[in-house]
Amino acid sequence: MSKIILAGANHAGTAAANTILDNHKDNSLVIFDSNSNISYLGCGTALWIGRQIDNPEGLFYASKESFEKKGAVVHMETEVKRIDFDKKTVSAADKSGREITESYDKLIIATGSLPITPKIPGLDLPNVEFVKLFQNGQQINNILDKREIQSVAVVGAGYIGVELAEAVRRRGKNALLFETADTCLSTYYDDWFTRGMDKVLADNGIILHFNELVEEITGNGKVEGIKTNKGLYQVDMVIMAIGFRPNAALGNGVLETFTNGAYKVNLKQETNLPGVYAIGDCATVYSNAVQSTSYIALATNAVRSGIIAGHNAAGPVAGTALESAGVQGSNGICIFNYKMVSTGLNIKAAEKAGFIPSYTEFEDLQKPAFITENNHKVKLRIVYDKNTRRVLGAQMASYQDISMGIHMFSLAIEEKCTIDKLKLLDIFFLPHFNQPYNYITMAALSAV
Ligand SMILES: Cc1cc2nc3c(=O)[nH]c(=O)nc-3n(C[C@H](O)[C@H](O)[C@H](O)COP(=O)(O)OP(=O)(O)OC[C@H]3O[C@@H](n4cnc5c(N)ncnc54)[C@H](O)[C@@H]3O)c2cc1C
């Protein structure tokens, strides 16, 4: 039996806590979280703000009470301030300033990530908001309720910025989307896809300011404008969404870190100190596409890493430590009903990782042309390594729900399949679903 301390109880921490409490009841668990709520699904923020769901109530799936019922000691609104890795103690302070020090046998750090804050003037003006916590969502929602808020700048055209720009439009406000790259979503998708999404955004009234660097937020007592390297625009609110950085200060030079500061962990989620685990956005992942350590901040990775660390900290099942299978960074986005999904590396990312990438692609209707209802075009690109022909990534886009298709490519990357392996793969055909010569087969067959 071990005494386990968990620092941070959002998605990664919740998964670790439930794993320990449900499967390893002989351990004791003490949880600290600096926030007042647990398990907020940030992915629902844009749906809530954009009025696609009625309210945020369904965006939580765990609570202090649910952990306590299973036997954990939970300290909410209590921030871990210091960890003494030699003495194996954690010191925290609650909101009244009271210090709590607890010893541990095993420690799981799940302190997540923090929004990147650029060093520009005006960030502290009222009506400048970041997007991370439930409380941020509440703030944005309330500000957008005000009639005087007419024009909103969203800074950053990654998936969160794009989703928030859509939500702002759905609230009937002008949305200006600023991005230093020349297109949206360029981390995960090639131009062939991002240009399609750029068009969807523009067709739905979002004003795109690509190739523009935000230099200042202007205003006197509140936001009045946003200044870039190309001009000054009048706006009433600014939503900052330029990315996240790992929140890994507690390691304090004792725990080894990756190039971006995330805790370096092995496949067991263990840091360089035995018995100290790091999970979720504050830790590295193993990328099967690149075949090395990487950093991909996603809730899906957070949950899986939490399950692994929970089992391993509590005492490995049947004496064998659980290991991560690695990740592909599979992701999806749906904007004004246009859907894009991807896994692994796009061409730019593959080049950056040192591969010589090739790609093959195909575009077709999802179902035979004689199906005239709910039958949309789908485009697919598969990226593979020119030398080994190993599949490195795949991207798909359509108004059709094609999301399930990408999971097959995720497994192909994990299993190190070559593009040739997909050429004659058994893919069933039924007109209700797909075509006999479907786009996966057609793309794979045409790979040179
Ligand atoms: C708007 C938005 C939309 C997203 N959409 C998706 C999506 O669609 N799909 C997807 O896979 N991912 C999505 N993500 C990413 C996903 O939310 C994160 O990857 C996930 O939250 C990581 O979980 P985590 O538990 O590791 O970290 P976090 O969610 O950052 O949680 C860290 C926890 O640690 C606590 N904490 C921090 N420091 C301390 C301390 N010193 N002491 C005590 N407690 C501390 C915090 O209060 C927090 O509860 C989205 C993120 C955002 C912001």
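This is a predicted model: local features need pLDDT of at least 70, side-chain atom pairs count only at pLDDT 80 or more; totals for chains, interfaces and linings use all residues.
**V152**

V152 sits in strand β10, residues 151-155. Leaving out residues up to four places away in sequence, I found V152 touching V168, K173, N174, A175, V235, D236, M237 and I239. I also checked V152 against Y439: they are 287 residues apart along the chain, and their C-alpha atoms are separated by 40 Å.

**I239 and the cores**

Beyond its neighbours within four places in sequence, I239 is in contact with E129, V131, I140, V152, V154, V155 and L164.

Which residues of the largest nonpolar core touch the most other members? I noted V154, L164, L177, L201, V238, I239 and I382, out of 77 residues in that core. Helix α5 (residues 159-170) gives this core its largest share, seven residues. Apart from this core I found another, of 44 residues, including I4, A16, V80 and A278. A general note to myself: nonpolar side chains tend to be buried together in soluble globular proteins.

**Helix α4**

I140 also took me to α4, where it is one of the buried residues. α4 covers residues 134-145, twelve in number, and I get 17 Å from its first C-alpha to its last, close to the 16 Å expected at 1.5 Å a residue. The buried residues of α4 are F134, G137, I140 and L144. They cover an arc of only 125° around the axis, so they are on the same side of α4. As a reminder, an α-helix has 3.6 residues a turn, so residues three or four places apart point the same way. On the other side of α4 I have Q135 and N142 as exposed. What do the buried residues of α4 pack against? I listed α2 (45-49), β9 (128-130) and β16 (237-240).

I then looked at I143, also in α4. I143 has 19 other C-beta atoms within 10 Å, so it is partly exposed; buried would need 20 or more. Neighbours within four places aside, I143 is in contact with N127, E129, I149 and M237. I143 and V128 are 15 residues apart in sequence, and I get 9.8 Å between their C-alpha atoms.

**Ligand shell and α7**

How many residues surround the ligand? I have 31, the closest being G8, N10, G42, G112 and G280. The elements giving two or more residues to the shell are α1 (11-23), β4 (78-84) and α7 (299-314). By type, the shell divides into 13 nonpolar, 14 polar and four charged residues.

I went on to α7. It has 16 residues and reaches 22 Å from first C-alpha to last, close to the 22 Å expected at 1.5 Å a residue. Twelve of those 16 residues are buried, so α7 is largely enclosed by the rest of the structure. Among the buried ones I noted N301, R304, H311 and N312. The buried residues of α7 pack against β1 (3-7), α1, β7 (106-109), β18 (276-278) and β19 (285-287). G315 follows α7, with a positive phi near 125°.

**Helix α9**

Next I checked α9, residues 403-414. Its twelve residues should span 16 Å at 1.5 Å a residue, and its end C-alpha atoms are 18 Å apart, which agrees. I have G405, I406, F409, S410, A412 and I413 as its buried residues. Seen down the axis, they fall within an arc of 160°, so they line one face of α9. They pack against β22 (338-344) and β25 (391-398). Just after α9, I found K416 with a positive phi of about 60°.

**Positive phi in loops**

Most residues other than glycine have a negative phi, so I looked up two more cases. L185 is not a glycine, yet its phi is positive, about 50°. L185 is in the loop between β11 (174-179) and α6 (191-203). With 24 C-beta neighbours inside 10 Å, L185 counts as buried.

N374 is not a glycine either and also has a positive phi of about 50°. I located N374 in the loop between β23 (357-365) and β24 (377-385). Is N374 buried or exposed? With 11 C-beta neighbours inside 10 Å, N374 counts as exposed, the limit being 12 or fewer.

How values were computed: Residues are numbered from 1 along each chain as its sequence is written. A residue is near a molecule or strand if its C-beta atom, placed from the backbone, lies within 6 Å of it. Helices (H or I, at least four residues) and strands (E, at least two) are DSSP runs, numbered from the N terminus. Ala, Val, Leu, Ile, Met, Phe, Trp, Tyr, Cys and Pro count as nonpolar, Asp, Glu, Lys and Arg as charged, and the others, Gly among them, as polar. The expected span of a helix is 1.5 Å times one less than its number of residues. The arc is that of the directions from the helix axis to the C-beta atoms. Two residues are in contact if their C-beta atoms, placed from the backbone, lie within 7 Å. A nonpolar core is a set of buried Ala, Val, Leu, Ile, Met, Phe, Trp, Tyr and Cys residues joined through C-beta atoms within 7 Å.
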